[in-house]
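Me: Please show me the structure. I would like to work through some questions on it.

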Amino acid sequence: MRAIWKGAVAFGLVNVPVKVYSATEDHDISLHQVHDRDGGRIRYQRRCEVCGEVVDFKHIDKAFDDGEHTVVLTDEDIASLPVERSREIEVVEFVPSEQIDPIMLDRAYYLEPDSASTKAYVLLRRTLQETDRTAIVQFSLRQKSRLAALRVRGDVLMLQTLLWDDEVREASFPALEEKVRISAKEKEMSAALVDSFSTDFDPENFTDEYQAQLRTLIDAKIEKGDTLDTEETFGRSEEEEDGDNVLDLMEALRRSVEKNREKKADAKKAAGTSRKKGA
């Protein structure tokens, strides 16, 4: 696995340096869109509505539109936000684990200790286990402020991001307001049916039948010879197409480094000037 973020869990004056990894992955077979007549690959283009040109990602900024004004936000604008610069997973509170409604659970991440000593990591893990508490934390990841549950899975601390309260819809269905009479016999039979299906949950007993059948279908078509030549129908591979952008990326990185050095130098000058004025 590859770490996607590095920081520290902070509760009180205790810091636990960690690396963050995605805990889940998508197993769906990747399918492309093609022209039904000749099998040619269908590609989407990022085209500017003003000049009509196809735009590279490096020239794309984000914008907010309120219907009257459009505010353009560059990568530098977003990176300047204080919360975006923070590398801290701040513990806000510890709550009983059963109080977290599963509907709020979103993406899961593993936390790996990122220091020579794992003592603080193990201490936090054991404390959560023995108190049956879940830590509610806040942090910033991928240009978003996140609310998350910090909990234990086996020997690993993990983060489970939570939906914000206003992201969970209220369920209001008129049909559920009707009074329904259920007899004792019906409840007894329903309980018996539940009992007949009762067992311990083992996720290994379940498979994604659609993906398995899709793979069987693809393999059968390959064996039958019902295939197209990828190079002829899809054109150049994405790696080849992106090759022209390698130098541009290196140049962008070089300029970013130089720009960062200039900012640091300017900051030092400003700090020196400020000290002289104060003296």
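Predicted model: local features only at pLDDT ≥ 70, side-chain atom pairs only at ≥ 80, totals over all residues.

Residues are numbered from 1 along each chain as its sequence is written, and side-chain values use heavy atoms, with hydrogens and water left out.

Me: How many salt bridges are there by the rule used here?
Reply: Start with the rule. A salt bridge is a side-chain nitrogen of Lys or Arg within 4 Å of a carboxyl oxygen of Asp or Glu. By this rule, the count is three.

Me: Which residue does lysine 6 meet in a salt bridge?
Reply: Lysine 6 sits in strand β1 (residues 5–11), and its partner is in the loop between β6 (105–113) and α3 (119–131), 108 residues apart. Helices (H or I, at least four residues) and strands (E, at least two) are DSSP runs, numbered from the N terminus. The N to O distance is 3.7 Å, and the partner is aspartate 114.

Me: Is lysine 6 buried or partly exposed?
Reply: Buried means under 20% relative accessible area, exposed over 50%, and partly exposed in between (1.4 Å probe, protein chains only). Lysine 6 has 44% relative accessibility, so lysine 6 counts as partly exposed.

Me: Why are arginine 215 and aspartate 219 separated by about one helical turn?
Reply: These two side chains meet in a salt bridge of 3.7 Å, N to O. Both residues lie in helix α5 (residues 209–224).

Me: How far apart are the closest N and O atoms of aspartate 226 and lysine 221?
Reply: Aspartate 226 is partly exposed, at 42% relative accessible area. Lysine 221 is partly exposed too, at 37%. They form a salt bridge, and the closest N and O atoms are apart by 2.8 Å.

Me: Which side chain of opposite charge is nearest to arginine 146?
Reply: Arginine 146 is in strand β8. Arginine 146 is buried yet has no salt bridge. For charge, Lys and Arg count as positive and Asp and Glu as negative; His and the chain ends are not counted. The nearest opposite charge is 5.5 Å away, on aspartate 106.

Me: How many residues are in the largest nonpolar core?
Reply: A nonpolar core is a set of buried Ala, Val, Leu, Ile, Met, Phe, Trp, Tyr and Cys residues joined through side-chain atoms within 4.5 Å. In soluble globular proteins, nonpolar side chains tend to be buried together. Val9, Leu111, Val137, Leu150 and Leu159 touch the most other members of this core, whose residues number 22.

Me: How many residues make up the second, separate core?
Reply: Its members include Val95, Leu147, Ala149 and Leu162. The count for this second core is six.

Me: What distance separates the C-alpha atoms of leucine 124 and valine 16?
Reply: Leucine 124 lies in helix α3 and counts as buried at 1% relative accessibility. Contact means heavy atoms within 4.5 Å. Leaving aside neighbours within four places in sequence, leucine 124 is in contact with residues including Val9, Val16 and Leu150. Leucine 124 and valine 16 are 108 residues apart along the chain, yet their C-alpha atoms are separated by 8.5 Å.
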